[in-house]
Amino acid sequence: MRIGIDVGGTNTDSVLMEGDTVLAGTKAPTTDDISTGIVNSLDGLKAERDFDPGDIEAVMIGTTHFVNAFVEARRLVKVAALRLGLPATASLPPMVDWPQRLVEATGGRSYLAHGGHEFDGREISPLDPDEIKRIAADMRTNGVEAVAVSSVFSPVNDEFEVRAAEILAEELGPAVSISLSSRIGRTGLLGRENAAIANAALSAMAQTVVGGFERSLADYGITAPLFLSQNDGTLMGADYARQYPISTFSSGPTNSMRGAAVLSGLEDCAVVDVGGTTSDIGILVNKFPREANTEVEIGGVRTNFRMPDVYSIGIGGGSLVSAEAAVGPRSVGYRLTTEALVFGGATLTASDIAVAAGMAEMGDPSRVAHLDKDFVTAAVQRIADDVAEGVDRMRTSSDPLPVVAVGGGSILLPDRLPGLGEMVRPDNFAVANAIGAAIAQIGGEIDQVFTVAPGTRDDVVAEAREAAVDRAVEAGADRDTVRIVDFDEVPLPYLPGNATRIRCKAVGDLKGV
Amino acid sequence: MTRILTVEDIDDIAIGAGILGTGGGGDPLIGRLLVQKAIRDGLTVTVVHPDEVPDEACVIASAMMGAPTVVVEKLPAGEEALNSLRALETRIGKTADFIIPMEIGGLNSMIPLLAAAQAGIPVVDGDGMGRAFPELQMETFGVYGVPGSPLVVSDANGDHVVVETGDDNVRMESFARAVTIRMGGAAYIAEYPMSGADVKRTAVAGTLGLAQSFGAAVREANQAHSDPIAAIASVVQDSIYGYAHVIATGKVTDVQRQVVDGFSSGTLKIAVFGAEDELVIDFRNENIIARMVDPAGHSEVVGVVPDLICVLDSDSGEAITTESTRYGQRVTVLGISTPEIMRTPEALKVWGPRCFGLDHDWTPLEQLAAPKQAAPAP
């Protein structure tokens with residue numbers, strides 16, 4: 001048996017699972033200290049279905065804590081950004097495009113040093129260890145608590161980031177955590193560097209929060225290993241999570257999508273998660289969310305680390321409905337239960353339309369009985385059309401693709417979407433996030449530039465696939481279950497020797513669970 | 001009419017320059033950040049119309065050369081374009097009074113603004129391409145007899161190379177590109193030293209202002225929830241470009257790309273709303289030809305280079321580059337005709353369809369088949 005826990009901003013949801021079967025599911029309010037909420041949630045689970053803590057084989061936690069803290073600029077530490085690339089890159093120093101409040105919350109300190117590579121692997125300038133030592137001394141003087149290191153073209157060659165990190169670790173000691181941009185983001189220096197800085201800023205909080213998770217479980221008598229869910233839908237161990245809190249940033253939508261897949265039994269589908277203000281649409285391929293290939297802004301900071309590709313439209317249960325039957329994007333949000341007509345309020349919302357159309361039962365239906373039938377039909381049609389268009393935008397081909405609806409606002413959606421066919425509505429979607437977290441799969445990935453000599457392509461591809469499988473096994477996957485879920489081969493233009501960037505991701509079931 | 005640009009003006013120019021990039025030219029983002037930082041640091045970007053440039057003034061064209069995808073990783077040191085300007089001044093024994101953009105489409109709308117602000121001289125409202133083109137000989141300056149060289153190309157180390165090829169601008173392009181690759185795939189150039197009289201005779205006038213007007217029209221339409229594409233078309237009508245129509249509105253159904261000879265080449269397919277037709281656009285860095293294909297397979301050219309084939313996001317009106325195009329996007333393809341100076345026989349010899357490997361003669365956009373009635377998105 002294993003436990004999946006989703007620690008959201010409002011609720012802490014837990015599920016007890018055996019294979020793909022949900023044995024019990026429960027919700028408790030999230031508490032400031034997190035731990036109390038987790039314990040309360042586990043109590044609820046136990047009340048629904050008694051279990052022996054010793055029988056739990058693994059606990060998986062999904063949390064939006066880190067992304068919320070970053071966006072709200074809470075509990076961030078003093079960071080220094082060190083960029084290797086001089087004499088290039090000096091025109092736009094680190095954090096040049098950050099909102100002022102986040103610059104202040106992180107201390108906004110940055111250093112430029114020599115290093116970096118050209119696109120073809122030549123050095124821009126050699127790394128200067130003495131320069132790094134001088135910078136380290138200045139960091140120490142200024143009380144820097146975490147460092148983000150970036151280097152030009154480090155996704156192609158990370159040697160300077162690694163060497164600079166070794167020097168910094170020696171000079172600053174183990175209390176200062178170091179984040180490398182090449183471990184976090186992709187090509188595009190500012191976006192990758194920004195992601196590394198955000199990760200570094202959360203390093204102290206990562207220690208506290210992950211430690212808190214471990215203590216809560218230990219206090220409960222659970223000795224099973226703890227995992228956290230990552231943006232891509234796979235798990236990471238607690239130690240990895242302490243180093244890479246940014247890997248949890250998008251686990252909310254990811255877990256919701258993966259939970260929807262388990263509940264519906266579908267491996268390839270579109271998922272529409274309808275909340276109070278927006279509908280988030282994502283695509284699952286092989287049970288994993290498709291990744292965005294563009295930059296994603298978080299709290300006004302442009303980043304380019306791997307995030308699920310989610311398209312949001314301004315339609316939710318609380319969306320305002322205009323006299324012309326237009327729906328959204330403005331919403332009453334969490335005030336739905338006081339402001340909507342059916343709840344005695346004075347605002348016509350999408351939920352009122354759903355009640356008037358007979359699609360949902362809530363509040364007092366007599367309060368929407370006066371609505372004109374054609375008007376209601378038009379608003380319902382508008383919602384269906386907008387969501388259908390959103391799903392269609394996200395498809396990568398015109399092949400038929402099932403659509404799964406989850407979320408409290410999914411009552412707004414009709415049983416069929418125009419041009420897309422029947423909608424799948426799993427029964428128990430209230431704890432979809434926790435179920436998504438509890439899927440015990442662990443991954444390994446390689447992202448590397450290979451030189452492909454003529455006639456050796458097949459060997460290189462095989463080597464890359466094997467390396468990804470090995471990494472998944474190292475991370476804790478059962479070798480017999482590991483399969484390649486993503487493979488991407490991009491020849492790099494202008495480069496001699498057929499340089500090809502290969503990205504390969506392997507995923508398997510957690511061993512022993 | 002001298003104008004000083006604000007940080008907000010730069011936002012508008014970046015949006016407009018994306019549209020004038022016709023699918024290529026690179027994302028203006030890094031350039032926009034550079035110029036906005038320069039303004040915030042206290043430098044001034046002053047713009048003058050070509051008519052105000054004295055005939056005897058010394059004017060030099062400025063640009064980034066190479067791969068915009070390198071620039072997003074290897075950010076400039078900061079003064080590369082200025083260094084090229086200084087080295088070219090030394091070489092020709094004259095001091096530049098004005099800078100003129102080489103290419104208004106994409107990232108290169110911004111680099112000359114930075115160089116001009118750093119040099120403390122005004123930038124001329126105009127350029128040598130009127131859009132984005134892939135090579136340095138494709139400039140009105142050269143078309144009408146101004147030699148491109150001496151050209152100076154500079155890198156982040158402060159190194160520079162002077163390229164002198166007399167009046168052969170094709171060889172200039174070829175040598176400068178070879179140096180650019182050794183400099184890391186992106187470098188910064190000063191070229192086409194010319195007189196104010198040359199500028200008035202050869203530049204595509206008013207294109208910086210046009211980019212800014214496009215951006216402002218898009219921004220204001222989005223704020224007012226009105227149609228940004230109609231707003232762009234109406235700006236065109238008041239400009240020297242003169243004519244624009246919506247070629248099609250539809251949904252992207254397929255994108256194929258490959259790198260051939262250092263160019264990003266490929267094909268984009270769009271299912272046209274309200275018709276059975278498919279719009280097929282071939283691109284080579286920029287969009288070069290659009291064909292409407294009916295269900296029977298009969299194909300008809302509906303737009304061809306040098307006219308501008310602009311693929312725009314139907315909702316926001318902003319440009320979608322060929323690299324960021326993907327299945328499912330709702331797009332409006334806007335055709336914009338070229339001004340007179342870009343469609344003379346001399347000009348077409350340098351950037352007519354055959355210069356891009358197309359077996360096709362140029363037909364002006366306004367003479368091509370009337371557009372299908374664009375239906376609203378379903």
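Below is a chat about a predicted model, covering a sheet in chain A and some helices and a loop in chain B.

Biologist: Let's start with chain A. What is the strand order in the open sheet of 4 strands?

Modeller: In this predicted model, the order is S6-S5-S7-S8 in chain A, and the pairing is parallel.

Biologist: Which ones are the edge strands?

Modeller: Strand S6 (109–114) and strand S8 (177–180) of chain A, each of which pairs on one side only. From one strand to the next, the twist averages 20°.

Biologist: How many bridges join S5 and S7 of chain A?

Modeller: There are 6 bridges between strand S5 (residues 79–86) and strand S7 (residues 146–151) of chain A, in the parallel sense. If you want a spot to look at, A:Arg83 stands opposite A:Ser150 in S7(A).

Biologist: And which strands does helix H4 of chain A touch?

Modeller: Helix H4 (residues 129–141) packs on the sheet and touches S5, S6 and S7 of chain A. Its direction makes about 170° with that of S6(A). Helix H5 (residues 159–172) of chain A packs on the sheet too, touching S5, S7 and S8 of chain A. For H5 of chain A, the angle with the direction of S7(A) is about 155°.

Biologist: Great, over to chain B. How do helices H1 and H2 of chain B cross?

Modeller: The axes of H1 (residues 7–20) and H2 (residues 29–40) of chain B come within 9 Å and cross at roughly 165°. That makes H1(B) roughly antiparallel to H2(B). The crossing of H1(B) past H2(B) is right-handed.

Biologist: Which residues make that contact between H1(B) and H2(B)?

Modeller: From H1(B), you have B:Val7, B:Ile10, B:Asp11 and B:Ala14. From H2(B), they are B:Arg32, B:Val35, B:Gln36, B:Ile39 and B:Arg40. By class, the H1(B) and H2(B) contact has 5 nonpolar, 1 polar and 3 charged residues.

Biologist: What about H9 and H10 of chain B, how do their axes cross?

Modeller: Helix H9 (residues 207–224) and helix H10 (residues 228–237) of chain B have axes that come within 8 Å and cross at roughly 150°. That makes H9(B) roughly antiparallel to H10(B). H9(B) passes H10(B) in a right-handed crossing.

Biologist: Which residues of H9(B) and H10(B) meet there?

Modeller: On the H9(B) side, B:Leu210, B:Ser213, B:Phe214, B:Ala217, B:Val218, B:Ala221 and B:Asn222. They meet B:Pro228, B:Ala231, B:Ile232, B:Val235 and B:Val236 in H10(B). The residues of this contact of H9(B) with H10(B) divide into 10 nonpolar, 2 polar and no charged.

Biologist: Changing topic: why is H5 of chain B largely enclosed by the rest of the structure?

Modeller: Because 8 of the 9 residues of helix H5 (residues 111–119) of chain B are buried. The buried ones are B:Ile111, B:Pro112, B:Leu113, B:Leu114, B:Ala115, B:Ala116, B:Ala117 and B:Ala119. Just after H5(B), B:Gly120 takes a positive phi of about 75°.

Biologist: Last one, B:Ala319. Where does that sit?

Modeller: B:Ala319 is in the loop between strand S16 (308–313) and strand S17 (330–336) of chain B. It counts as partly exposed, because its relative accessibility is 30%.

Biologist: What does B:Ala319 touch?

Modeller: Leaving out residues up to four places away in sequence, B:Ala319 touches B:Gly18, B:Ile19, B:Val311 and B:Leu312. B:Ala319 and B:Gly106 are 213 residues apart in sequence, and their C-alpha atoms are 9.9 Å apart in space.

Conventions:
Residues are numbered from 1 along each chain as its sequence is written. Chains are lettered from A and ligands numbered from 1 in the order in which they are written. This is a predicted model: local features need pLDDT of at least 70, side-chain atom pairs count only at pLDDT 80 or more; totals for chains, interfaces and linings use all residues. Side-chain values use heavy atoms; hydrogens and water are left out. Two strands pair if DSSP finds at least two bridges between them. Helices (H or I, at least four residues) and strands (E, at least two) are DSSP runs, numbered from the N terminus. Axes are lines fitted to C-alpha atoms, for helices over the stretch in contact, and angles run from 0 to 180 degrees between N-to-C directions. Contact means heavy atoms within 4.5 Å. Angles under 35 degrees count as roughly parallel, over 145 as roughly antiparallel, 65 to 115 as roughly perpendicular and the rest as oblique. A crossing is left-handed if the near helix is turned anticlockwise from the far one by less than a right angle, and right-handed if clockwise. Ala, Val, Leu, Ile, Met, Phe, Trp, Tyr, Cys and Pro count as nonpolar, Asp, Glu, Lys and Arg as charged, and the others, Gly among them, as polar. Buried means under 20% relative accessible area, exposed over 50%, partly exposed in between (1.4 Å probe, protein chains only).
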